[in-house]
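This report looks at aromatic ring pairs and at the strands around one of them.

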Amino acid sequence: MLSEKNANATIAVSDIEKAKKFYEGVLGLTLAERSGPEVLLYKTGSTRLMVYRSQYAGTNKATAATWTVGKDVDAIVDTLKARGVVFEKYDFPGSTREGDVHVTGHVRVAWFKDPEGNILSLVSDAENS
């Protein structure tokens, strides 16, 4: 039923204007639509990322959104780092780190947080690494 449909990430924030500056200015996303004062819809690939105001902003302790970026992981990490993004460091069994990028086999992943503490990630995929 849903296997042929796109899924979109939904991110809760407490300060919509601060989020707008981060998602547009730092991540470089293009605002596709502003739905009232509390919802931002960004175009990202063939899907959308919804950022909305919520009292539960930043309470998720797991990854909220992931971008599959293929071989561009390291270049994107460098660009975001230059824009002030701080990358998370995790210790996973079977994984090593090359700077800010975690490596497991052929898969490369980097995690960072938005201003609310929502965890976001960049990942290569095994086929395109």
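The sections below cover the basis of the values, the aromatic pairs and the strand pairing.

## Basis

The model is predicted, so local features need pLDDT of at least 70 and side-chain atom pairs count only at pLDDT 80 or more, while totals for chains, interfaces and linings use all residues. Residues are numbered from 1 along each chain as its sequence is written, and side-chain values use heavy atoms, leaving out hydrogens and water.

## Aromatic pairs

There are six aromatic pairs in the structure; rings of Phe, Tyr and Trp (its six-membered ring) pair if their centres lie within 6.5 Å, with planes under 30 degrees apart counted as stacked, over 60 as edge-to-face and the rest as tilted. Phe22 and Tyr23 are edge-to-face, because their ring centres are 5.2 Å apart and their planes stand at 90 degrees. Both Phe22 and Tyr23 are buried (under 20% relative accessible area, 1.4 Å probe, protein chains only). Together with Tyr42 they form one aromatic cluster.

Phe87 and Phe112 are also edge-to-face, at 5.5 Å centre to centre and 65 degrees between the planes. Phe87 lies in the loop between α2 (73-82) and β6 (96-98) and Phe112 in strand β8 (residues 107-113), so this pair ties together parts 25 residues apart in sequence. Helices (H or I, at least four residues) and strands (E, at least two) are DSSP runs, numbered from the N terminus. Phe87 is buried at 5% relative accessibility, and Phe112 is buried at 1%.

## Strand β8 and its partners

Five of the seven residues of β8 are buried. Strand β7 (residues 101-104) runs antiparallel to β8, joined by three bridges; two strands pair if DSSP finds at least two bridges between them. Val103 has Arg108 as its bridge partner in β8. The β7-β8 hairpin has two residues between its strands, and Gly105 in the turn has a positive phi of about 65 degrees.

β8 is also joined to strand β9 (residues 119-123), antiparallel, by five bridges. Here Lys113 stands opposite Ile119. Five residues separate the strands of this hairpin, in which Gly117 takes a positive phi near 95 degrees.

Technical notes:
Buried means under 20% relative accessible area, exposed over 50%, partly exposed in between (1.4 Å probe, protein chains only).
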